[in-house]
Structure formats: structure tokens, C-alpha cells
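Subject: Structure handover

Hi,

Here is the structure I promised to pass on. Please open it and keep it beside you while you read my notes.

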Amino acid sequence: MNEAFQVVWFKRDLRLTDHEALFQASQWSLPTIFLYIHEPEVFGSVHYSPRHERFIWESVEELKAHFAQKKLAFFSVEMSAIMCFEKLISLGLTCVHSIEEVGLEVTFARDRKLKMVFEKAQVQWKEYPYSGIRRGLSSRRDFNAYWYDYMSNQIPEVSWEAFETPLAITEQISGDMSLMQEKDKVNGIIQQGGISKAWLYLKSFTNERVANYMQHISKPEQSRKSCSRLSPYLAWGNISLREVFQHQYTAGQTSSYKRNMRQFASRLRWREHFMQKFESECEMEFVSVNRGYSELNYDDEWEKYERWKAGKTGFPLVDACMRCLIETGYINFRMRAMLVSFLCHHMNQSWERAANYLSGLFLDFEPGIHFPQIQMQAGITGINTVRIYNPTKQAQDQDPNGYFIKKWCPELEPIEGGLIHEPWNLTQMEQTIMGVNLGVDYPLPFLDLKQTHKEARERLYGVRKSPKIKSESLRILKKHTLKRRNP
Ligand SMILES: Cc1cc2nc3c(=O)[nH]c(=O)nc-3n(C[C@H](O)[C@H](O)[C@H](O)COP(=O)(O)OP(=O)(O)OC[C@H]3O[C@@H](n4cnc5c(N)ncnc54)[C@H](O)[C@@H]3O)c2cc1C
């Protein structure tokens, strides 16, 4: 008979500090195994791609090294969570500590099954809230007060000396379980995972890069440096939101850029506003939050969709953003919104197509932000202003010299000045002089922006009056928003 032991199950919280499951487990006097499970069922989902797996692998490798230094047993295995826990139960598992994941249906379904497995085996599963998010919250009345309170609370420290390793069990796990394999490096210039990288980005942001935060936030090139770039670290939990919040608060006291720091802090709150929305209505992964919009008719043209996906629409900023995203896993908020607006409004394609493709490209894919944001930008919530971005105007405002466009669409390099934003206006003579051949080197656009803008407006504002959309809007306002709401 093996000795009883507990597991700390790492999910999207791949760090060592401000880690509720670790902290709580340290209060129990039971031998402990630390575990990350890389689940083929989850990573087979359309929303995940090799870039996520590589980031996680890097994060897990760093964790492993920390645990090795502490002489504690950290395992990263690659198998179904059900099979993994069934094996651990057979070895004497009595308790599991983890966060409540704000996840996709595939992880909720797994958790439902696991609950039954644990109940049958009389294993306790202690789940702790993810950051300031509350399960089962029915109204937002006290959201801000609760959130600020949580963010300001002292972070509990884990007492590492309380942990001991069940040696006999670790030997059996090493022998019997399939360990996580190294994930291939992905092509491109993608941020690397891990706690040390997360803190590096945070400190360099609050020390220096914050200086131009608000001036550059919507500019596709400059935002790469002037925004924090913390999103993948927050998404995979290399750092907690509370750690970021408290660090920026302290740094903000002496910063010369207090206004920028406040703007940054408000985005940290938005993050959890969206995540709470998804936690309270996770059906958003599959249906429009405002059910009244389910009946919209979309153009399901594949060929144009493929051109959007490949960055070959003929609209320079749209194409540059898509190509940059494919190569680097990141673009800023405004450009994400523009890509979705272009697909859903100008091309009249469904929000699901945007959601399914972009999730695999965003290194920071976070279901709790992704689905509400996609639906908001697609104009189907019924409670937000519908923004139909004109990509030419965005390019003129946010990339006036075409630096970003030329970087990602080198075919357009020879075009001088403002002409880069509307290459389709170049005459044959001008193309010859400049050395570009539109329709051959770079595609000509497949739609007329003025016309598609008008059609999208009519379509979206037309249906907004439908009784179902109106009643759904009232329901959403009541359930998901504050009286004085911002995002
Ligand atoms: C269609 C669409 C899909 C998106 N999908 C994701 C996603 O899957 N994962 C994700 O992390 N962000 C998503 N965002 C929000 C936003 O674009 C990114 O969080 C931001 O660009 C990340 O860059 P940063 O870390 O430099 O942000 P900063 O401006 O430095 O902000 C700091 C942090 O605040 C949070 N944040 C910032 N802006 C927002 C916002 N508008 N809504 C919610 N949280 C915000 C993020 O966690 C971010 O890391 C999406 C936005 C849109 C329009």
C-alpha cells in the first residue's frame, strides 16, 4: 500500500508566486507531487497551435529547473488528464489542488468527467478562483470594489519547506507515465515563455517603455515596443495579474508617466471584466452572446476568406497585420479589431471564422478575452457601438509613412509617400515608373470599401431593432455590465 499524497496541478498558472493552489497545498501536511498535464484532447482543439505548445514547453522547462533546485518532484506528462489521475489514484492520491480554469468547452467537459472520477475514488479536489474572477457571479454590482480589494491584498507566500516528496511514488510515475516531449521551435520571431521573461517584460515596461504607451498604443509598429507585451505571460500564467497590478502601482508612485501607468492599470481591469463575462456565459465560444444575432446571414465564400487568412486582400494594412501576426504571434488591440472588422463587416463573414483562425495565431490566446472581444468587434453584442474600420484611413492615421506596411508587404516597397495606402489608384504608367506590377506582385482588392461599409451599416443597424436583439441587449446589460461602464 502506497502512502497518501496530494497533487498541485498547474494549468494556466505556470509560475511559483501568487499561486493559490501552491499556497493552499503548503498548508496541508501531505507528501506532494507537482504536475503539468499536456493534454492531446485540449491541444487538438482548433484554437491551439504549435506556438502555444512551444511557449508552454519553455515555461514548464523553467518550472522544472526551479523544482529541481528545491529538490521537489515536478512532472510534466503528455496524456489525457483522466488517465493521468486514474493512475495517480491507483498510487494513493487523496487530494488535488488547482485553479478554476476560465476555459474552453473541452476543458470544462474534462473537468466534469474528472469530478466524477474524483468523487468515486473519494479524492478531494480543491479548486481556487482564478485571480479576481468569481464562478457563478450573477450581477456586476460589486465587481470593481471586489476587484480592487483582491488586487491590493497582500500576496500569500508559499512555505516551501512544508513540502516533501513521496519518493516511492515518483519512481512509479517516472516509469509508467508518458512524459511531455520537447515542442519544436516555431518559425518566426515569437516571444519566449517563462517566469523570468515575464518579469523582464514587466520591469522594462514600467521602467522605460511606458513613456510612449498611450501615444503608440494603436500604432502597429511602435506599439510593439511601447505596449507592455505581457499578454502571453498573463495568458499562460507566468505572472499573475495581481503581481503586475502591484508592481505597476509601486512603480507608478515615482514614475514620470503616471497617466500612462493609470491607463495601463485600467486595461488590467478590463482584462478581468472580459474574463468574468466569459466565465459567466461561456456559451460565447459557440453562439453570439446576443442570441438575436444568431439569424444573420453570412457570406460563406471560402476563397476570399483564404485571402484574408494569408494576408492577400489587396488592402495593405490588413495584409501587413495578418502577415506580421503569422510571423510574430502579436499585433496590438486596434489592429486586431480592424482585422475582425474587415472580415465580419466588409467581407460579411461570420465571427466564428475570425475566432477560430485568430486564436491559433495569437500567442496570448485567452478564451475569456478572445470570444467577447471578437463578438464585440463583429458588432453582434447589441450593446456596443458598431465600429466599421476603414483600413485605408487606419493606415493613413497609424502608419502614415507606410513603414510597417513595407516591412510586411515588401512587394510595395517601391511605392513612395501616401500612395502606399491606396496602391490600386496607381496608373499603369506610375506602376511602371515605380517598378511594381499590381495584380501580379501584389493583389488588387476584391471589394469596394465604400460600398461594403454602407452594406454593413444597413445590415447591422437594420437588425438592431428586432425585438429579440433588444430583449437580449437588456439581459446582457443587466448581467454583464456596471452602471458606469467602460469597455
Ligand atoms: C479581436 C480581439 C481579440 C483579442 N484576443 C485576445 C486574447 O486572446 N488574449 C489577450 O490577452 N488579449 C486579447 N485581446 C486584447 C488586446 O488586444 C491584447 O490584450 C493586447 O493587445 C495585448 O498586448 P499588451 O500585453 O502589450 O497590452 P497592454 O496594452 O500592455 O495591456 C496590458 C494587459 O491588459 C490586458 N488588456 C489590454 N487591452 C485589453 C482589452 N482591450 N481587453 C482585455 N484585456 C486587455 C491584457 O492582458 C494586456 O496584456 C483581443 C483584442 C481583440 C480586439
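First, a definition you will need. An axis here is a line fitted to C-alpha atoms, for helices over the stretch in contact, and angles run from 0 to 180 degrees between N-to-C directions. Two packed helices are described by the angle between their axes and the distance between the axes. Note too that this is a predicted model.

Now the helix pair. Helix α15 covers residues 316–328, and helix α19 covers residues 391–398. They pack at an angle of about 75°, with their axes 8 Å apart. Angles of 65 to 115 degrees count as roughly perpendicular, so α15 is roughly perpendicular to α19.

Which residues make the contact? On α15 they are Pro316, Leu317 and Val318. On α19 they are Pro391, Gln394 and Ala395. By type, 5 of the residues in this contact are nonpolar and 1 is polar. None is charged.

Next, the domains. The domain assignment of the protein chain gives domain 1 (5–128), domain 2 (195–280) and domain 3 (291–476). The C-alpha centres of domain 2 and domain 3 are 26 Å apart.

How many residues of domain 2 are in contact with domain 3? There are 17, and they meet 20 residues of domain 3. On the domain 2 side, the elements that give two or more residues are α11 (231–235) and α13 (258–280). Helix α13 gives the most, with 6 residues. This side of domain 2 divides into 8 nonpolar, 3 polar and 6 charged residues.

Best wishes

How values were computed: Residues are numbered from 1 along each chain as its sequence is written. This is a predicted model: local features need pLDDT of at least 70, side-chain atom pairs count only at pLDDT 80 or more; totals for chains, interfaces and linings use all residues. Domain bounds come from an automatic or database domain assignment. Two residues are in contact if their C-beta atoms, placed from the backbone, lie within 7 Å. Helices (H or I, at least four residues) and strands (E, at least two) are DSSP runs, numbered from the N terminus. Ala, Val, Leu, Ile, Met, Phe, Trp, Tyr, Cys and Pro count as nonpolar, Asp, Glu, Lys and Arg as charged, and the others, Gly among them, as polar. Angles under 35 degrees count as roughly parallel, over 145 as roughly antiparallel, 65 to 115 as roughly perpendicular and the rest as oblique.
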